[in-house]
Amino acid sequence: MDDLRRKRSLDFLLLLTALALWVIGIFLVYSATYIHESGPLVGIYKQQILWVVMALLIVVLIISIPARYVSAAAYVLYGLSLVLLVLAIATGSGVSAKGAERWVMIGGFKIQPSEFAKVGLLLALAKRLSEKPVSLYNLTTLIVPVILILVPFALVLKQPDLGTAMVFCVMALPMFYWSKLTLLDVFYIVSPLISLLLSAVPLLLAFNTGVSWGVFEAVPWGLFFIVVVVLLYIFRAPLFIWIGVIAGNIMTATITTVVWGSVLKDYQKMRITSFMNPQSDPFGSGYQVIQSKVAIGSGHIFGKGYLQGTQSRLSFLPEQHTDFIFSVLGEQFGLIGCSAVVLLFTILIVRGIWVTYNCRNRFINLVAVGSTAILGFHIFVNIAITLGMMPVTGLPLPFLSYGGSFTVTVAILVGLLLNARVTDQDF
Amino acid sequence: MAIGKRLQDEPHERRAKSLVVGMVCCLAMAVLLVNLYRLQVIEAEESIRISNENSMREQVVLPPRGRILDRNGNELARSRPAYSICVLPYSLRNREKVISSLCKIRDIEGNVVFDSVTLVQQFRRANTRKFDLTRIKEDVPIDIVSIVEEHYMELPGIVVETESRREYPYGAAAFHAVGYMGEIPESEFDTLRNQDYYWGDLMGRAGLERTYESVMRGRCGREYLEVNAYGKSLGTVSNIKKVDPVYGNDIYTTLDINMQLVVKKAFPDSLKGAVVALDPRNGDVLVLFSNPSVDPNIFSSSPSVRSKTWAAVAADRNLPLNNRAIAGVYPPGSTFKVLSGITGLDAGIITKDSRMPSACGGSFRFGSRIAKCHKPAPGHGSTNYISAVQYSCNVYFYQLGLRLGDARINKYANMFSLGSVTGIDLPGEKAGYLSGEKAYNERFASRNWKWTQGLVMDLAIGQQQVLTPLQLALMVGGMGNGKRIYRPRLMSEERNKDGILVYQNLPVEKNKIQVGQYALDVTREALAAVVKPGGTGWRAGVPGIPVGGKTGSAQNPHSDLSHAMFIAVAPVDDPVIAVAVAIENAGGGGAVAAPVAGTLLNYFFSETEEGKSVYKKYNPDSDQRPRRPQTQRPAPSPTESAANAAADAADRSESAPTPRPPAPEGE
């Protein structure tokens, strides 16, 4: 119980890692855009420097706020972020970038409400879950958290911003886990999703290769379904869990097959599978992926050297300063540089989770887990996209991608993680 | 509120969960690392290759084509830089947007440069060769080029290419000698593609452009350009060695463009024909003119203009592309009489004062055939050789021809380089046809016509053969020179772009003239007599210079009007210039063709350095410049005028009126 009162020191490793990544980000943004002599991308790195400075201030600010105030203000902040989201949709997006209603002008700043919604939801969920743990066996405990998630989820989907919507769900999962769920419970929740993947993968492969699998398309999902049933039986799941899980799995698998078979048009299927075989549409949906893979691959082991990347320098990479910044890194610094950055990210995530290892405060625990989940998900998905492992969804890479709102959000998350270390946990 | 409520109660469970989540995260990162390794190490080669291809474009650098200059250094053909706007379909992202952007471009006068319908078609066609540049606008003015260059960000896939275009400052005047440029014909592309030619390249298609194509073209260089995703070139790739282009060499010709212009001015515009002037001392061709002509500049304009004008030119019934100086074959008519004469003189059959047994009474009876002289009864009467040439008496030469026979005349014709290609450095030269027993029987075997003795009479007065103006100029030059005939040449020197001599085209002896001095002297005297007042060629005279010449009015089956022929050589005893003029269906040689030669000779002796020094030699006392041609010439004295009038009358129909069978003509 003595660690309860001990004033903890700041986690310098976490802070330095974050700082290093931000600095790398500035250099990469410069490298990605310096070639432009005119247009909106000129001098964008200066802007990024400003954002990073602002991010550091935010980190300091958040560290200095006692966690209990954060906890107290959680619902207010959540409400505020929802207001921003509604505003973005209501103003019909004053500023329309890429046709999506993602921006809101406030005090001359162009901000992305969906970024702040991540923080708002994180705090609200943490607050709620710290007070009332959820349990699969008492469904009423799930009502409030699910509503908390669904409101911003729906608003973000309307934008439409699938990536952020996914972030909300992914962030919630480990937080639920922390809030009294067991690993098995998490598996029950996730199983329909796995069903969806397993039933879709044979379809995607068959479409992509042009060879129909026939009855065997059902094999991967069938095996998984048997595993689910066996687990339910072994762990003596209550009847409603049995019904829920089995129904959920069958439904998602069926819907997937039906939607793929009769709803989606060929061009839509093509778009979905283009990440698997970008060459099928080299100038359309596959273009970014091809160029990104070429950029990263051509970096080889040591890279082409800073500012020497032809793919990025010659504008072959679209959105190279935002969502595809990792390919700039890959091209110019090669496997060495990429591994180093992935290592830094890993340190960051592990340190984030490490907070929960020693911290006893439920709220802080949940905030730390949620923050880490947001960062980790962004990092993994973004890099996986640039490597051509996933369909393009449009998530920026924390610390490295250019962008004000996102940098600020990341700063808030880092601040919250650091705050957990220094703050007085007794509240 | 109890603190415990807010704290995680079960530290073991919490820490286990931390480990689980931490491990999941590490696993995810490990997956990323494995994929990175796969992409950057195992599959790197492919990516490196694509990356290089992405960013580089091989650029063929066509060196500027060599110039063609005349003997005084005037540029007859040169290259100027020009810009083309091309599309590279590979880097074209948003076709509609690019098209609409291009359509917004306006030139200085505010006219739209591109129209969307054509662009759509061009883009579609270009799409078949995705990685090649396709021209969408050629020869674009520099201000439009700069607009396009400035907006390259909005025009991905649109590239400006620099190229050089051929320019002919003197246009139609020297067209047939210089030639023109055109796209490689499909039939030749297969062999030329191995010699650095690319589809759509321009090459010399006629004239000197064609003959010296390989000299002037140079060799293509290659460089690798770094291009960005918009297709804009950012300079050369430094680590790949570029192959420098080898510049084409300049061709210095023997032509004198000013003389050429004088001829063009003097030549009747509406008539077809040719003029050749050359230097008998070395074969230098000074003038090579053919009418009608074409402005070769149209062939290097943009393809739309080119195809339009090309169609018009190709369909022209006057065949303006035909170089009549070397490929137009005409019956030489009376100009051939001097050759018959020199044959007779050298064979000892006639002398200067020889008269023919049968005096000219306006006609000559041979067997059942009555061959007429152009002067109706009472005819020329009994004349000596000089007068026979001067007045161009047919009857005299009928009898001379009969005595000589076709073989002997043709032996001398060959010696004076008639009846075979001269070897001038131009494509498409014709050999002509000398006739004679053997050749005639062969030629008309299908019509079953047989050579008869009577045809020798036609042969002797030049109504059997067909010859090119160039051959006639060589012949008359050879008679003046008396020793040898040089192969005619247009190229004298080849110099590289720095002006350093690379190759010198030395005079080559073509025929040795083995004719006795007496025959030469008499021939020259006869030639001079023609140009003297009272001779049929008086209009070609140059005061102070002994000009020799011979008129001809060659009858031909195509028209009632005879071809006007005239050959001249000056000064007749030591010539520096020989001229042949042929004008189709124009009438008498003395009235129509001789003035053209006269204008040229007067210009030559009064304006050119060469001519002036020769004039000085012949008129050592005269300090003043030789008099200007024609206009300044003093009116002929009354006696001269009368004589000239008589000569003109003779000139109108000096040939045999019944040419049978019709003299074969090439064109």
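This is a predicted model: local features need pLDDT of at least 70, side-chain atom pairs count only at pLDDT 80 or more; totals for chains, interfaces and linings use all residues.

Residues are numbered from 1 along each chain as its sequence is written, while chains are lettered from A and ligands numbered from 1 in the order in which they are written.

**Exercise 1. Check the length of helix α6 of chain A, then find what surrounds it.**

Step 1: Helices (H or I, at least four residues) and strands (E, at least two) are DSSP runs, numbered from the N terminus. Helix α6(A) covers residues 162–178, which makes 17 residues.

Step 2: The expected span is 1.5 Å times one less than the number of residues.

Step 3: Now look at burial. A residue is buried if 20 or more other C-beta atoms lie within 10 Å of its own, exposed if 12 or fewer, and partly exposed in between, with C-beta atoms placed from the backbone. In α6(A), 12 of the 17 residues are buried, including A:F168, A:M171 and A:W178.

Step 4: Find the partners, counting two residues as in contact if their C-beta atoms, placed from the backbone, lie within 7 Å. The buried residues of α6(A) pack against α4, α5, α7 and α14 of chain A, together with α2 of chain B.

**Exercise 2. Work out how α8 and α9 of chain A pack.**

Step 1: Take the axes, which are lines fitted to C-alpha atoms, for helices over the stretch in contact; angles run from 0 to 180 degrees between N-to-C directions. For α8(A) (residues 219–234) and α9(A) (residues 239–263), the angle is about 175 degrees and the axes are 11 Å apart.

Step 2: Classify the angle: under 35 degrees counts as roughly parallel, over 145 as roughly antiparallel, 65 to 115 as roughly perpendicular and the rest as oblique. The pair α8(A) and α9(A) is therefore roughly antiparallel.

Step 3: List the residues. Helix α8(A) brings A:W221, A:F225, A:V228 and A:L232, and α9(A) brings A:W242, A:V245, A:N249 and A:A253.

Step 4: Sort them by class, where Ala, Val, Leu, Ile, Met, Phe, Trp, Tyr, Cys and Pro count as nonpolar, Asp, Glu, Lys and Arg as charged, and the others, Gly among them, as polar. This contact has 7 nonpolar, 1 polar and no charged residues.

**Exercise 3. Which elements of chain B touch chain A?**

Step 1: The contact takes 38 residues from chain B and 46 from chain A.

Step 2: On the chain B side, α1, α2, α3 and β8 each give two or more residues. The largest share, 19 residues, comes from α2(B).

Step 3: That side divides into 21 nonpolar, 10 polar and 7 charged residues.

**Exercise 4. Trace the five-stranded open sheet in chain B.**

Step 1: Two strands pair if DSSP finds at least two bridges between them. The order is β12-β11-β21-β20-β19, with antiparallel pairing.

Step 2: The edges are β12(B) and β19(B); each has a single partner strand, so one side of each is left without a neighbour in the sheet. The twist averages 5 degrees from one strand to the next.

Step 3: Zoom in on β11(B), which 6 bridges join to β12(B). Here B:A277 stands opposite B:V287.

Step 4: Helix α11(B) lies across β11 and β12 at about 30 degrees to β12(B), and α21(B) lies across β19 and β20 at about 75 degrees to β19(B).

**Exercise 5. Where do B:P292 and B:P571 lie?**

Step 1: B:N291 and B:P292 are joined by a cis peptide bond with omega of about 0 degrees. B:P292 lies in the loop between β12 and α12 of chain B.

Step 2: Another cis peptide bond joins B:A570 and B:P571, with omega of about -20 degrees. B:P571 lies in the loop between β20 and β21 of chain B.

**Exercise 6. Are B:S392 and B:N448 buried or exposed?**

Step 1: B:S392 is not a glycine, yet has a positive phi of about 60 degrees. With 33 other C-beta atoms within 10 Å, B:S392 is buried.

Step 2: B:N448, also not a glycine, has a positive phi of about 65 degrees. With 7 other C-beta atoms within 10 Å, B:N448 is exposed.
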